Amino acid sequence: MTGSPPFQPPDGGDTEANRALAREAQLPLTGWQQEVDRGLEFGLEAADSIRDRSIPTFSRGELPHYAGINTFLKAPYLEDVREVGNYDVAIVGVPHDSGTTYRPGTRFGPQGIRRISALYTPYNFELGVDLREQITLCDVGDIFTIPANNEKSFDQISRGVAHVFASGAFPIILGGDHSIGFPTVRGVCRHLGDKKVGIIHFDRHVDTQETDLDERMHTCPWFHATNMKNAPAKNLVQLGIGGWQVPRPGVKVCRDRATNILTVTDITEMGIDAAVEFALERALDGTDCVYISFDIDCIDAGFVPGTGWPEPGGLLPREALALLGKIVGRAPVCGLEIVEVSPPFDISDVTSLMATRVICDAMAHLVLSGQLPRRERPGYIHTEPQPDLGSDWV
Ligand SMILES: [Mn+2]
């Protein structure tokens with residue numbers, strides 16, 4: 001990079017690119033400098049032949065992207081989870097795939113996402129956000145799930161999510177199959193008091209049947225989540241549903257409970273902005289916050305081969321990212337999960353990379369909308385847990 005002339009914008013036109021170039025100049029480099037200083041202190045100064053003296057001997061930060069120990073975006077690993085409330089955002093892995101009804105492997109989702117996330121810088125050009133400069137992020141590692149036992153795993157997941165949520169750190173959950181959608185929302189609901197949450201669910205599948213193969217599998221989270229008094233079914237929005245893998249018992253539940261569904265054709269014909277209005281109007285009707293559950297299979301299977309139930313005909317990545325960004329930018333979001341990434345079926349990490357993109361874009365829009373960093377604790381977080389969630393089967 002040294003020796004190149006100062007950059008001259010080609011013209012002053014009002015393009016996204018020109019706006020991005022201008023915004024980058026406004027971002028600080030404080031976090032970067034701190035990372036360099038820490039690297040030199042803990043990782044020792046480099047060999048004499050290295051001209052760039054910001055490089056340490058032992059890799060201790062973002063660079064090189066192929067090196068290092070993988071947490072999400074190489075964020076600090078928080079061994080003592082009692083300190084999670086000191087961070088704006090906490091990454092929580094949920095390596096659980098015992099709720100899978102076809103091909104397994106999403107127990108490796110958190111690892112796959114963390115590994116490819118090393119490819120990313122914390123800066124996004126068009127959005128003009130540098131996460132390293134604007135928020136504090138930690139990775140609390142994984143919930144201790146119990147293989148072959150959904151119910152025990154659900155109890156662990158709810159307990160872990162409740163802990164992070166109540167701390168005030170924004171929870172970002174790396175699944176895991178979609179059965180975790182019920183215990184994650186249950187963890188949130190335990191600390192909502194009398195407040196309510198709307199769920200915005202990106203998926204090809206409805207995931208609303210009561211049981212599947214006689215258990216609460218990954219086809220079932222929203223039946224059980226919307227049984228809780230804090231998560232009404234009328235505030236469940238389901239985006240991208242369709243195809244040949246939507247079980248009819250689940251469809252009946254959607255009809256009976258009047259959930260809010262848009263197909264891929266609905267979204268493309270009404271346009272992204274109208275779909276965003278549809279989602280926000282319904283998810284926020286009488287609620288205090290929104291939980292985002294993003295099943296990677298809402299995106300066309302050609303882009304995300306590494307998933308448990310691939311279904312062609314889904315959203316294009318840029319449609320899904322635009323929907324997500326606009327929703328996150330306008331709703332009071334209380335948490336986000338990304339599910340159904342199955343690295344054993346992935347090709348060149350492309351599915352894990354898409355999940356990384358979803359998470360990073362969501363964080364950027366939380367920053368741009370002023371939701372992060374949190375200047376004060378959101379009013380919907382109720383410190384004391386409530387045992388009664390208003391459902392028999394909770
Ligand atoms: Mn799905």
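## The sheet and its helices

Eight strands form an open sheet in the order β4-β1-β5-β10-β9-β6-β7-β8, with parallel pairing. At its edges sit β4 (137-142) and β8, each of which pairs on one side only. From one strand to the next, the twist averages 15 degrees. Before going on, please keep in mind that this is a predicted model, where local features need pLDDT of at least 70 and side-chain atom pairs count only at pLDDT 80 or more, while totals for chains, interfaces and linings use all residues. Residue numbers start from 1 along each chain as its sequence is written.

Helices (H or I, at least four residues) and strands (E, at least two) are DSSP runs, numbered from the N terminus. Two strands pair if DSSP finds at least two bridges between them. Contact requires C-beta atoms, placed from the backbone, within 7 Å. Axes are lines fitted to C-alpha atoms, for helices over the stretch in contact, and angles run from 0 to 180 degrees between N-to-C directions.

Inside the sheet, β1 pairs with β5 (residues 170-175) in the parallel sense over six bridges. Look at G93 there: its bridge partner in β5 is L174.

Helix α5 (residues 150-167) lies across β1, β4, β5 and β10 (333-339), and runs at about 175 degrees to β1. Helix α10 (residues 272-283) lies across β6 (197-202), β7 (236-241), β8 and β9 (289-295), at about 155 degrees to β7.

Most residues other than glycine have a negative phi, and most peptide bonds are trans.

Which loop holds L73? L73 is found in the loop between α2 and β1, and has a positive phi of about 55 degrees although it is not a glycine. A258 also has a positive phi of about 55 degrees without being a glycine, and lies in the loop between α8 (248-257) and β8 (260-263).

L73 has 22 other C-beta atoms within 10 Å, so it is buried. A258 has 11 within 10 Å, so it is exposed.

Note on methods: A residue is buried if 20 or more other C-beta atoms lie within 10 Å of its own, exposed if 12 or fewer, and partly exposed in between; C-beta atoms are placed from the backbone. Two residues are in contact if their C-beta atoms, placed from the backbone, lie within 7 Å.
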